[in-house]
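Me: Hi! Could you walk me through some backbone details of a protein structure, one question at a time?

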Amino acid sequence: MQCFQSRLKPISLAIILSTTLAACGGGGGGSSDTSSSSSTTAGAVSLATTATSSSSSSSISAALYNVDGYAKVAGVTGGGVISETASTYAKVTTPLEFLAAISKVKSGAVKVIEIANDLNLGYTEVGGSTVESTYSFFTANATALEHPTLKTSGVSKITIQNFAGLTIYSKNGATIKHAELNIKTGSNLIIRNLKFDEMWEWDEDTKGNYDTNDWDYITIGDTSSATGGIWIDHCTFYKVYDGIVDIKKGASIVGSTTAATQAANGITISWSKSLPGDSSGGAFIKAQFDALEAMAATTGSSGNTMYKFLRNYLTEAQIIQIASTQKKGHLIGATSLGEKTGYTVTLHHDLYQDLQDRMPRLRSGDVQVFNLYADASNARVIKQWYDAIVAANATLKAKVNPDTGDATYHFGITSNGSISTEGGMVQVTNSFYKGVQTPLRNNQQCTDNTCSSYTGGIVATGTRHELLSGSDSAYMASPQGTYTDTLGTWMYWAGASTDTGSSLGPIQATPITFSWHNGTPPTPLNLHAATDLPTLLTNYAGAGTVSLTAAQWMNANN
């Protein structure tokens, strides 16, 4: 095993913008705050003024979005660059056309699937058992218990397996709703430019632990068979019941050499974003709470005791604000103290907005993180006023008990970033955590060094951390400065996790020696400064933010 060495230098956006190929379209961008104090680089300002809408040309090259990280080591090319008129190219516009295309993947009759329209893929709305009798890989997921839309549409699990070179993409950033993609037993897969939405409901069953339905938008490797060589790029994930993308044991098989392990298992999630709420301006989330309100108002109704209890202290609007944030990101390794060390995962140029936890949470194996932007600023402000309400109400505090986690009801906002446990190794480079109280954690089991087997290795370099000035002084003792935006006054610290005065962490357990399990990860092709990330990723991460040709979307190496 090889020890971590910092050997990377950031690429300025000014350089990227000055080396134009005019090969792709620009991003329209979001509306979230991008200020980061007086240290914001000139490159970031240049990008903000240069970026145009996604239908216009831009000075950013398509090559910026090439496959990178462990998926590049795995040689991911998907189904290749083929003609849209080829027999192996399937352009789908309906749910049944999509399922028909998936049915031809194993034989190799379909290598590229273009999703041209939004697809509602719930089990019931597509046809239920009648359709399953034709397509056995289309099955019912856990039954919706609370959300009126999902109780009608059903939720499906679509298993994609035995693939060997497949691309699933959209030119226009189409949306998949009410379905989980269950990817296993295969290699060389690309998923690009898709949105995932409407797979969340209120969790009364486990009182806010979200342990019943187990709905993930994408699950990789839920099998003992090898699953790897996967690239997820420019996707947008809205609020989901469980994890955004979870990775399991099929992606952790240890090869004969470290190089063989990287080549077989390599997975990259890049230029993607997780957003709170839904794509319908909050209508899907609101429908859930309107149903809860109606039930609570019904005389003699005995259900939804957690929601009824919370409504004694919070308005419906306040509960919606808290609940709209996303609880979990990526779980890599699902079995406690039972995972192999072969995970090789890269997360880069990803935007996580109001995500509470798991960027990622790793059990064993190796994860390379660079140019991650965790913007939990809005969630941090929500947490501030919610915590004040809890503190002022003894009965509420006794039930939700945020100090110990030993709660009757699990309702609130966690403020974690990237987590390594159980001997895993996570390297974070040139990243930005805003409003995240504990950016780096190395143990989720205990904080008194009595359970060292649960401790992982995690380090960061070139990384910026911002917290609310005053309110978060316990988490940042030596800020390097402050600035004010529309949400409040923020203090910041930037550097390496090992630097004196670092607020990054980890502090949960005594750090263990950092040593890769599977050899040194690949050097990033494009590494930006942390202060460039708010503008860069707000404008260009996620589905529908850049305009590429069909050939460019299919090509992993433009």
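**Backbone details in a predicted model**

Reply: Gladly! Let's start with tyrosine 210, which is buried, with a relative accessible area of 11%. Keep in mind that this is a predicted model.

Me: Why does tyrosine 210 count as buried?

Reply: Buried means under 20% relative accessible area. Tyrosine 210 therefore counts as buried, because its relative accessible area is 11%.

Me: Where is tyrosine 210 found, and what is its phi?

Reply: Tyrosine 210 lies in the loop between strand E10 (195–197) and strand E11 (218–220). Tyrosine 210 is not a glycine, and yet its phi is positive, at about 55 degrees.

Me: Is histidine 178 buried or exposed?

Reply: Look in the loop between strand E7 (175–177) and strand E8 (179–184), where histidine 178 is found. Histidine 178 has a positive phi of about 65 degrees, although it is not a glycine. The cut-off for buried is under 20% relative accessible area. Histidine 178 has a relative accessible area of 3%, so it is buried.

Me: What is omega for the peptide bond from glycine 505 to proline 506?

Reply: Proline 506 belongs to the loop between strand E30 (488–495) and helix H14 (533–540). The peptide bond that joins glycine 505 to proline 506 is cis, and its omega is near 5 degrees.

Terms used: Residues numbered from 1 in each chain as written. Predicted model: local features only at pLDDT ≥ 70, side-chain atom pairs only at ≥ 80, totals over all residues. Heavy atoms only, no water. Helix = DSSP H or I, 4+ residues; strand = E, 2+ residues; numbered from the N terminus. Buried < 20%, exposed > 50% of the residue type's maximum accessible area, 1.4 Å probe, protein only.
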